[in-house]
Amino acid sequence: MSRFDPAETLTPIPAGGRAGDHAGEYGAILFDGTQLRQADPRWFDPALWGERAQRVDGSGRGGAWFIDASHGPCVLRQYLRGGLVGRFNREQHLWRGTGHVRSFVEFRLLRELLRRGLPVPQPIAASYLRRGLGYRAWILMERLADVRSLADHMADSPADAPLEQTGRLIARFHRVGLDHADLNAHNILFDGVGKGWLIDFDRGRLRIPETRWRERNLARLKRSLLKLRGAREVSAVEADFARLRRSYDALWRRGI
């Protein structure tokens, strides 16, 4: 649910417009015409970045690369499929029209969240390549500098981890109706002065702030923390989550 954006620019990728891609594929690039004069299909091919592209380990729902671009550090992510289907078909998604292209949906959601003053990475461009009933998709976005995930904080020193800050951060997003499809400890980042961000909004959406989906988001985060507990007792992780939840509930009750 995002409003019309007059700054959006859509430029076509003709068949064969990206060297090395599957024959017969064609697509488009979505970007902000006030920020970029033009977008290049080669931006979405990590091989063409050469040594300026570094593969990101453990990149969640998609393959990801850190890119040392001329305009600043970026993250390039390809949308991949997981689970049983992903064993046989990692890259292809069912075509249902440009309005449902996963990279376009996330690009627009990020821009809407930024307009609402929420801390998310700046999207740069999104693209897809289609052939027949299937398509592949990528998104290029700002790389946040000098940040660490909540998962890293919990691994190093749970007692000092920014749990209260995490609770307040999530409450801010929930207040505007952001339903995060994969809220886990790896997708919550903090810099050295305690500012937090959420990342990875694939399949996320804006909706009316209802209790059911908010609780589902929080339960997903709790499972993530339990999965990362290592040798710690379950009761210790539950106490950590209770700290987070108290901060969440306090900000939620304030209606901010």
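1. Two strands count as paired if DSSP finds at least two bridges between them. Helices (H or I, at least four residues) and strands (E, at least two) are DSSP runs numbered from the N terminus. With that in hand, the bridge partner of serine 149 is leucine 189 in β11. In total, 3 bridges join β9 to β11 (residues 188–191), and the two run antiparallel.

2. The model is predicted: local features need pLDDT of at least 70, and side-chain atom pairs count only at pLDDT 80 or more, while totals for chains, interfaces and linings use all residues. Residues are numbered from 1 along each chain as its sequence is written, and side-chain values use heavy atoms, with hydrogens and water left out.

3. β9, β11 and β12 form an open sheet of 3 strands in the order β9-β11-β12, with antiparallel pairing. β9 (147–149) and β12 (196–198) are the edges; each has a single partner strand, so one side of each lacks a neighbour in the sheet.

4. Helix α5 (residues 163–175) lies across β11 and β12, where contact means heavy atoms within 4.5 Å. The helix runs at about 120° to β11; axes are lines fitted to C-alpha atoms, for helices over the stretch in contact, and angles run from 0 to 180 degrees between N-to-C directions.

5. How do the axes of α6 (residues 211–227) and α7 (residues 234–254) cross? They come within 10 Å and cross at roughly 150°. Among the residues that meet are Leu218 and Leu221 in α6, and Phe241 and Trp252 in α7.
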